[in-house]
Each structure stands twice: as structure tokens, then as C-alpha cells.
Amino acid sequence: MKKVSLNLASSLSLLGVIGAVAATPALAETTTSVSQVSQAMSSDPVAQNVTSVSQLSDVRPTDWAFTALQSLVERYGCIAGYPDSTFRGRQATSRYEFAAGLNACLDKINEIISAGLADKVSKEDLATLQKLQEEFAAELATLRGRVDALDAKVAKLEAQQFSTTTKLSGEAIMSVQGASGNPGTPSSTNVFVSSRVRLDLNTSFTGSDLLKTRLEVGNGGTTNIPGVFGAGSTTGTAGVSSNIGFQTYGQYYTGLGSNFVLGKLRYDFNLGDARISLGPVMHAYDHIDTNSFANNEAVDFASTFFINNPLMVLVNGQTGGAGAAFDWNVGKSAFTVRGLYLAGNASSPTALAATNTNAGLFGDAYQATAELEFAPKNDAGEKPLAIKLQYTNGAVNNANINAGGVNVEWKFAKGIAIFGRYGFGTIDNRGVVPGAYTNSLFVGAPATAGNLSPQTWMAGFAFPDLFKEGAMAAVAVGQPFIDRFVGNATQTNLELFYNFPVTNNIRITPDVQFIFNPNNTTGSTIFVGTLRTVFSF
């Protein structure tokens, strides 16, 4: 049985019986709009009470029902209409739908009698209601039984609910990868399986704040394809750091152990027009360098390089760090200012032996990032164009980093968009001899190398809603790390994927990567193929 608006249905029930047509074959035609009300409660906004028939735009004084409706408003106050001030009285109804209206009408009459106003109810209406009760006795009993059952279920849910303030959501990724062209064994192919499960507890105490708690676990895979090394490895290339994001063809969602860890813990709240975030486990990608087409490994690119600009996200993208962030839309204009401070080893009270650097909240590794976004709204309230200017100052593995960046996305047509990132900066080794520490950003650089001046760029096309609403395909190309002192500056990454929603909660994504002139010992082209399935709940 469909839901009905009880006030409106009760008034329509009375309208049907006043005409002395109750319990006849014509009843469905006389009370035509109860079905319409039923549909409204399932798809339209809730009906609104009216105090005068003149408030109903589609009921005219010349209509045959006008007088009856006017009488119901004045005598019982149980007429209701839709938010657009219409009555919509021309649609057939079922006996169950009519019974629901009758039941509500009886409740209204009982209220009037209980209030000592029995004289307000005419004997004719009472007689007609009695006839209707007899005619619809079975339907009324069924209706009341269902209402009682629903009340019992609601009471049980309220007694057993997890929390009045917290909602649980989750995401599970299962992925099969294959890689060929590995260093040392160019003809080999490695096929392996990786997974990640995230459980998010989203808590709100005021309705506008958010305490985000995330637990996550994996199957102990590695962040890089076995035997494949990019900029960020120990094979004579830069960026072996566990903090800086130059591991350029690893699967972003791998590398988690088989024990649950605290993946995120932060508190978001409003302060004036700004959104403030504080927490011991935060991630840069939640607050800066976001992009609608290249920022989420569950629905778009899988590799670390295309997810974020490696010069803008210095603190490890998986483990995160402690810090604070703000997001301030200036005067509800097209301009938004963001700021972020993150420390990767904030929980460590002692120095890091591997790099002989201080840790803690203000020690190595850290990043401080500022971002200015220009994103004007169109007539539909959307932001098809967004341009972000960025600056990051940080320290990673005994090196100081200063970098600027640009992040752009433009959906210039309904089914196509372009996007890209560019970064440039300097990496200062603080006078330490390159390679003095195994965890140095300068591993592989010549002993006479001075400061590094890396650049990084990527650009691509996205095709939202390709073949199906909610799907997306994209292709991107870029160079992760370009510097004259370190490795092969001509390394070029190409990745394309198609994200297809099987249901609202299941997505399948085939993804392929090509790494040309890779920064490794052989330089042979590397191919990585991935089939990723994501379950969300």
C-alpha cells in the first residue's frame, strides 16, 4: 500500500461520502485524488495544510467539489494541498488508499469529540462514517495492523541503533594487477592481488560539524609494482623518502598491512565563513590539490603520480600526519583561500636516526601549503572551471623544499573535460653530501650535485557519464620528476581508465599504465594492467 498524506486523504474521504456514494462501484471515481496524494507522498514534497479553498489554485468556484471542499475546511480543518498550491483531484484510488484516508478521518473526528466539540460533527457525516467503517472493515484492520507493525519496528530500531550521532560508511577495493618490463628481467610478467578496506565513522554533534574516524586494513601488498622502480626508489633515483610522493607507478591503495590501523582522525567545524579542520591523522589530499577527475584512487587513476602533484603533497599520502587546515570562501565569491600545515612524524618524540633530523610536530617531515582557487559558478550553480595557484614550503628527509604549482580543471562541454597539474621548485640538501643517508632525496645524484630544481607536470582528458550516468573515462600523460642531476628526466607516464558503475554500490575499473624511459637500471618500457573492483556501503 502506498503512503498517503493523512490530512489530505481524510478530507478526500469525507468528500467522497458526503455525496452519498460510499460503498458503490463509483467510489473510485468520486475520490479520485487520494491516489494522487499517495503518489505525492512517495515522490513529491509533503502536502501542506490550507485554511481556505481559495489557496488551491486548481479548484475553482465553478467546480462541483468546491462547496464540499469549502465545507470540510470550515467544519473539520482537514484539507491539504501540495506545496505548489494545487489540489490535483483527478486520479483513481485503491480501496487500501481510501481506507488510509478514512482511518485518518476517523482519527480527526475522534479528536473533535474528545475535545468536547461533538456538536461540530453532523449526524449525516457520522452516519456516513459508520457505513464506511462497515464497508472497509477489512482494509482498516489491515492498515492498523501494518501501522502497529511499523511502530514496533521503529521502536526496535531506536533501541538497537548504533548511535544517534554517528553513521558508518565503508569502502572495499579488490584489485588484480599485472606488470611487465621489470628492471633486470624485461620479459617477465608479475601478476598479483591487492586489497584495501576502509571503515569510516562520521560523527556530528551540532549538525554542521564532523568528527571523521577511519580504520583501514590491507593484504600487505607493496606500494610499488614488484621489480618496478620509479623516481622515489633506491635504484639510483631521487625521492626514496617515505614521505614525498615520487613513487610514480605504485598502486595508491596498496601497501597497507593485515592489521587495522587508524587511517584518519580529524574534527571539522565552521568558524564564520571558514571551515576549520584539526586532527592527529590528516591527509593533504583532503584539503589541497583536489581535482574532480584525478584525485580519488577508488574512482579514477590508480597510480600515485596522477592522484596528486608530488611537489604539493610532501607528507605521506597513506599514513598522513598531524596538523590543521582551513577552507575559506571569500564573501561567497568565486575565490576560495585554503591553508594546510601537516607534520608526518608528529607522534615521534625522538630524532630520526636514518636522516639525523628532528621529528615531532615541527620537525621533519612537514609541509605548509597555501592555495588560492578561482572557480566561478554558471547559471546552474555549477563550477565547470577551477584554477588553483599553490605554494608549499616543507622539509622531507633532511632536505628543504620550496615549490609552486598550478591545478586546473575545465568541463567545457557536457561529456568532456580537461585537467592538469604543473609543479616546480627547489630541493636544498642543507649541505649534506648527496647519498650520505640511505633515505636521502639525493640518492643517485653525483657527489658534486648542488640543489635540485625539479619540475613535474601532467595533463589529460576526462569523459564524464560515458555510456552510462555516473561512469567516467579518462586518459592522462605526464612526467613525474624532471631534474638534470638525478635519473632519467625523460621518464613519461601514460595512464587511462574507465570507471563503470555496476550498481550504486559496486564499480569496476579497468586501468592501464605505460611508463616510457623509466627511471630505472634498464630503461625498458613498463606496462601495468589493473582490474579494480570497488564496493561502497
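The side chain of Arg196 makes a polar contact with the side chain of Glu297, at 2.8 Å. The model is predicted, and its protein chain has 537 residues, of which 47% count as buried.

**Whole chain**

- The protein chain contains eight helices and 18 strands.
- Among contacts in the chain with a separation of 6 or more, 65% are between residues 24 or more positions apart.

**Confidence**

- The mean pLDDT of the protein chain is 77, with 71% of its residues at 70 or more.
- Residues 1-47 have a pLDDT below 50, and in the model this stretch has 110 contacts beyond near neighbours in sequence.
- Residues 223-245 also have a pLDDT below 50, and this stretch has 92 contacts beyond near neighbours in sequence.
- Where pLDDT is low, the predicted coordinates should not be read in detail.

**Arg196**

- Arg196 lies in strand 4, which spans residues 185-203.
- Arg196 has a relative accessible area of 3%, so this residue counts as buried, the cut-off being under 20%.
- Leaving aside residues up to four places away in sequence, Arg196 touches Glu171, Ala172, Ile173, Glu216, Val217, Gly218, Tyr253, Leu256 and Glu297.
- One of these residues, Glu297, is also the partner in the polar contact between side chains.
- Thr254 is 58 residues from Arg196 along the chain, and the C-alpha atoms of the two are separated by 6.8 Å.

- Strand 14 covers residues 455-464, and its covered face carries Thr456, Met458, Gly460, Ala462 and Pro464.
- The uncovered face of strand 14 carries Gln455, Trp457, Ala459, Phe461 and Phe463.
- Strand 13 (residues 416-428) runs antiparallel to strand 14, and eight bridges join the two.
- Ala462 of strand 14 is the bridge partner of Ala417, and Ala462 belongs to the covered face.
- Strand 15 (residues 472-482) is also antiparallel to strand 14, joined to it by nine bridges.
- Phe463 stands opposite Ala473 of strand 15, and Phe463 belongs to the uncovered face of strand 14.

Note on methods. Residues numbered from 1 in each chain as written. Predicted model: local features only at pLDDT ≥ 70, side-chain atom pairs only at ≥ 80, totals over all residues. Heavy atoms only, no water. Helix = DSSP H or I, 4+ residues; strand = E, 2+ residues; numbered from the N terminus. Buried < 20%, exposed > 50% of the residue type's maximum accessible area, 1.4 Å probe, protein only. Contact = heavy atoms within 4.5 Å. pLDDT = per-residue confidence, 0-100. Polar contact = N/O pair within 3.5 Å; in protein donor to acceptor, adjacent residues only side chain to side chain. Pairing = 2+ DSSP bridges.
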